[in-house]
Amino acid sequence: MNSVDTPPGTTDRVLVVDDDPGIRSLLISALGFAGFEVDVAGDLTQALEQIDRRPPDVIVLDVMLPHADGFEILQLLRARAIQVPVLFLTARDAVEDRVRGLRLGGDDYVTKPFSVVEVGARLQALLRRARSGSSAPEEAPLCCADLVMDDRRHEVRRAGRAVELSPTEYRLLHYLLSHQGQVLSRAQILEAVWQYDFGGDSVVVERFVSNLRRKIDQGRTPLLHTVRGVGYTLREQARK
C-alpha cells in the first residue's frame, strides 16, 4: 500500500469515494475512458473494504460524506501508513476545506463543479510525482543547519527529532533542500513538485509552504523564508 509503482502493462486503479451516485457514475465513465480502472465507495466502511480488497493507486475523496467526512477518512488512512495520493473534491467556496485537506496530508484538490478532464489530468500528475519520488536514486542526506533529510530512510529530523511529513510535503522539502540558498518562485515550485500547470493558482504552494514551515520551524530558528513578491528560499539565515 505504500508504493504506487505499477508494473508495465497494468492499469492504474482509482478509488472514487463520494456519496452522490451521479458523480460516481460520471467519474466511472470519464476516468474509465481515460484509461483508469475505477472502483467506487459511498462512505468510510465501503472505502475501507475497497482498499483492503483492491488497493488503489490513487484516491478521489469527497469532503462531504455521511458518517465520516473526507478529512476523517484521510486521517485514518495516514494513521495506517497508507500513503496513496489523495485528490479532494470540495465545494467551490469552501476555502477552509481546501486548506484543511492539504494540511492533513491531502495531495491536491478540485472544486465542484469540476471538469472530468481536469480530474484525470491531476490524477495522472499525482501518479507521476509519486512514482518519480519512489524511483529516485538514493542520495546522501540533505542538510541545512540542524535539519536533515535522509532519503535512504525516507525520514526528516530537526535537531534530532523526527518530523512527520505527508508525501507532498516531503517532495517540497526535498526540492527546497536541493536548491537551498536559491530563491524559488511559486511557478518553479509548482512545476518541480506538482508537475502540473495550475493555471497560475499559487494557493496550493502557499498552503504547503505554510504547513512545512509550521512543522520544521516551529520553536526553532527559521530556515524557510518568504521573499516578498518573488517566492521562497531555504537557508540557515535570512539575508538582510
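Let me start with a question: in which strand is Asp39 found? Asp39 is found in strand E2, residues 37–41. Helices (H or I, at least four residues) and strands (E, at least two) are DSSP runs, numbered from the N terminus.

Before going on, some ground rules. This is a predicted model, where local features need pLDDT of at least 70 and side-chain atom pairs count only at pLDDT 80 or more, while totals for chains, interfaces and linings use all residues. Residues are numbered from 1 along each chain as its sequence is written, and side-chain values use heavy atoms, with hydrogens and water left out.

Back to Asp39. Its relative accessibility is 10%, so Asp39 counts as buried; buried means under 20% relative accessible area, exposed over 50%, and partly exposed in between, with a 1.4 Å probe and protein chains only. Leaving aside residues up to four places away in sequence, Asp39 touches Arg13, Val14, Leu15, Val16, Gln50 and Arg54. Contact here means heavy atoms within 4.5 Å. Asp39 also belongs to a network of salt bridges that links Arg13, Glu37, Asp39 and Arg54.

That brings us to salt bridges in general. Side chains of opposite charge can pair when their charged atoms come close. The criterion is a side-chain nitrogen of Lys or Arg within 4 Å of a carboxyl oxygen of Asp or Glu. Over the whole structure, the search finds 16 salt bridges.

Take Lys112 and Asp18. Their closest N and O atoms are 3.6 Å apart. Lys112 lies in strand E5 (108–112) and Asp18 in the loop between strand E1 (13–17) and helix H1 (21–33), so this pair ties together parts that are 94 residues apart in sequence.

Next, Arg171 and Asp107, with closest N and O atoms 4.0 Å apart. Arg171 is in helix H6 and Asp107 in the loop between helix H4 (95–103) and E5, so the pair links distant parts of the chain, 64 residues apart. Arg171 is buried at 18% relative accessibility, and Asp107 is buried at 1%.

One more pair: Asp108 and Arg122, at 3.0 Å between the closest N and O atoms. Here strand E5 is tied to helix H5 (116–134), because Asp108 lies in the strand and Arg122 in the helix, 14 residues apart in sequence. Both residues are buried.

Now Asp62, in strand E3, residues 58–62. UniProt, in an unreviewed entry, lists Asp62 for "modified residue: 4-aspartylphosphate"; positions are given in the numbering used here, feature names are shortened, and annotations may be inferred rather than shown by experiment. In the model, Asp62 is buried, with a relative accessible area of 3%. Beyond residues up to four places away in sequence, its contacts are Val17, Asp18, Asp19, Gly70, Leu89 and Lys112.

Last, the helix pair. The axes of H6 (167–178) and H8 (203–217) come within 10 Å and cross at roughly 80°. Axes are lines fitted to C-alpha atoms, for helices over the stretch in contact, and angles run from 0 to 180 degrees between N-to-C directions. That makes H6 roughly perpendicular to H8, the class for 65 to 115 degrees; under 35 is roughly parallel, over 145 roughly antiparallel, and the rest oblique.
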